[in-house]
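The following note sets out some points on the model below. Please read them alongside the sequence and the coordinates.

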Amino acid sequence: TGGVRALAVSADRRRAVTGDYNGRILLLDLERGNERILETLEPVHEQLSVWSLAWIGDSPRIAIGGVFA
């Protein structure tokens, strides 16, 4: 069922973002040395399976790739 399928680390290595089979996306704070969750995004209408994530340069934006289940 669940499980992390994609991971991306920011250029400054202070944050990471993960995506799972169920479409949940977590923004993590790596600066504090723990897995403090900063934000959680859940699919709104259709189930999305996240396949890839990428930070867009040094901006706070993230590209998400996946398919609707």
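1. In this note, buried means under 20% relative accessible area, exposed means over 50%, and partly exposed lies in between (1.4 Å probe, protein chains only). The model is predicted: local features need pLDDT of at least 70, side-chain atom pairs count only at pLDDT 80 or more, and totals for chains, interfaces and linings use all residues. Residues are numbered from 1 along each chain as its sequence is written, and side-chain values use heavy atoms, with hydrogens and water left out.

2. Strands (E) are DSSP runs of at least two residues, numbered from the N terminus. Strand E3 (residues 25–29) has 5 of its 5 residues buried. Ile25, Leu27 and Asp29 point one way, Leu26 and Leu28 the other. E3 runs antiparallel to strand E2 (residues 15–20), to which 5 bridges join it; strands pair if DSSP finds at least two bridges between them.

3. A salt bridge is taken as a side-chain nitrogen of Lys or Arg within 4 Å of a carboxyl oxygen of Asp or Glu. The structure holds 4 salt bridges. In one of them, Arg14 pairs with Asp12, with closest N and O atoms 3.9 Å apart; in another, Arg14 pairs with Glu31 at 3.3 Å. Arg14 is partly exposed at 41% relative accessibility, whereas Glu31 is exposed at 53%.

4. Arg32 and Asp29 also form a salt bridge, at 3.1 Å from N to O. Here Asp29 is buried, with a relative accessible area of 6%, while Arg32 is exposed at 57%.

Methods. Helices (H or I, at least four residues) and strands (E, at least two) are DSSP runs, numbered from the N terminus.
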